[in-house]
Amino acid sequence: MRVLVCSPNPTVSINVEAVLIVADIECEIEPDPQQFGSLLFRDPDAIGLFLGLGPESAAKMCRELRMGDVRNPLFALIDEQSVISGATGRALVLNAGADDVQPWPIDAAELVSRLFALERRQRDGNPSIIQLPGCILKPATGELIGNVAHVHLTHQETVFLTTLAARPGAVMTKPMLMLALYNGRDEAHLKIVDVLICKLRKKIAAATGGLDVLETVWGQGVRFVAEGYQPSFSAFGQRVPG
């Protein structure tokens, strides 16, 4: 396990580093938030641990990291001496994209245990490779590697495709896909589903040389076609499996 630590308070960084060294966990301190995000982006297996001076500050940092396509597990430690505190403050940070939130200071044994729990969830819940027709997808990096080309997917595109690929043949409605994308918060318009389908089709076709794996079921939703297909069009211009 590798943990990247970011804190505006050097004393907190030193204390966390000491705990991780005792636990034999590889640790790197990076006080600059922007560089912290860059390091996480370049190492998708690392866990990001940071201190927020209140829930609002921690939530802001989480949102900026997620918007920067940082997909690593994020563990926020927060100083709860703010207007928003307790469970309400922690919920704010979780909704912004954190995977775990705890108040600072935290017991050393609990900190280590929570980091190992994050690592287990990352390892067990996110397969390193998903086999698709004519290509493979690496969810951690968003790489779509086909026989024809290598294509990069955004975080939203990766979540969208992995959600469908986990349920081959099942029709998923737009509300179901929106829930997977936004977890019930700050949702965009339903039209974003159509936009993502269009973008994914182009990228999958580019990687595979023309294959499609997404089938629109008129009036119902979209489903993942596990064997893939060469698309054709009906007399009404509707895209259908060839």
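Colleague: At what angle do the axes of helix 7 and helix 8 cross?

Modeller: This is a predicted model, and the values that follow are computed from it. The axes of helix 7 and helix 8 come within 9 Å. An angle from 65 to 115 degrees counts as roughly perpendicular, and the two helices are therefore roughly perpendicular to each other. The crossing angle is roughly 80°.

Colleague: Which residues of helix 8 make the contact with helix 7?

Modeller: By class, this contact has 7 nonpolar, no polar and 2 charged residues. Helix 7 contributes Lys-174, Leu-177, Met-178, Leu-181 and Tyr-182. From helix 8 come Ile-192, Val-193, Asp-194 and Leu-196.

Colleague: At what angle do helix 6 and helix 8 pack?

Modeller: Helix 6 spans residues 155–165, and its axis and that of helix 8 are 10 Å apart. Helix 6 and helix 8 are roughly perpendicular to each other. The packing angle is about 90°.

Colleague: Which element gives the largest share of the lining of the second largest pocket?

Modeller: The second largest pocket has a volume of about 260 Å³. Among its 15 lining residues, those closest to the centre are Lys-174, Asp-194, Ile-197, Arg-201 and Thr-216. At least two lining residues each are supplied by helix 7 (174–182), helix 8 (191–208), strand 10 (212–217) and strand 11 (221–229). The largest share, 5 residues, comes from helix 8.

Colleague: How many residues in the lining of the second largest pocket are charged?

Modeller: The lining is divided here by residue class. It has 7 nonpolar and 4 polar residues. The number of charged residues is 4.

Colleague: Which element gives the most to the lining of the largest cavity?

Modeller: The structure holds 1 cavity of 30 Å³ or more, and the volume of the largest cavity is about 30 Å³. Val-5, Cys-6, Ser-7, Val-12, Val-16, Leu-49, Phe-50, Leu-51 and Leu-77 line this cavity, and they divide into 8 nonpolar, 1 polar and no charged. Strand 1, helix 1 (10–22) and strand 3 each supply at least two of the lining residues. The most, 3 residues, comes from strand 3.

Colleague: How many residues apart in sequence are the parts that Arg-2 and Asp-43 tie together?

Modeller: A search of the whole structure finds 12 salt bridges. In one of them, the side chains of Arg-2 and Asp-43 meet at 2.7 Å, N to O. Arg-2 lies in strand 1 (residues 2–6) and Asp-43 in the loop between helix 2 (33–42) and strand 3 (47–52), so the pair ties together parts whose separation in sequence is 41 residues.

Colleague: Is the peptide bond from Trp-104 to Pro-105 cis or trans?

Modeller: Pro-105 lies in the loop between strand 5 (100–103) and helix 5 (108–125). Omega of the bond from Trp-104 to Pro-105 is near 5°. The peptide bond is cis.

Colleague: What is the value of phi of Asp-24?

Modeller: Asp-24 lies in the loop between helix 1 and strand 2 (26–29). Its phi is positive, in a residue other than glycine. The value is near 60°.

Terms used
Residues are numbered from 1 along each chain as its sequence is written. This is a predicted model: local features need pLDDT of at least 70, side-chain atom pairs count only at pLDDT 80 or more; totals for chains, interfaces and linings use all residues. Side-chain values use heavy atoms; hydrogens and water are left out. On a 1 Å grid over the protein atoms alone, a cavity is a set of points where a 1.4 Å probe fits but cannot get out, and a pocket is an open set with protein on both sides within 12 Å along at least five of seven lines; lining residues have an atom within 4 Å of a point. Grid points are joined across faces, edges and corners, and a volume is the space filled by probe spheres set on the points. Helices (H or I, at least four residues) and strands (E, at least two) are DSSP runs, numbered from the N terminus. Ala, Val, Leu, Ile, Met, Phe, Trp, Tyr, Cys and Pro count as nonpolar, Asp, Glu, Lys and Arg as charged, and the others, Gly among them, as polar. Axes are lines fitted to C-alpha atoms, for helices over the stretch in contact, and angles run from 0 to 180 degrees between N-to-C directions. Angles under 35 degrees count as roughly parallel, over 145 as roughly antiparallel, 65 to 115 as roughly perpendicular and the rest as oblique. Contact means heavy atoms within 4.5 Å. A salt bridge is a side-chain nitrogen of Lys or Arg within 4 Å of a carboxyl oxygen of Asp or Glu.
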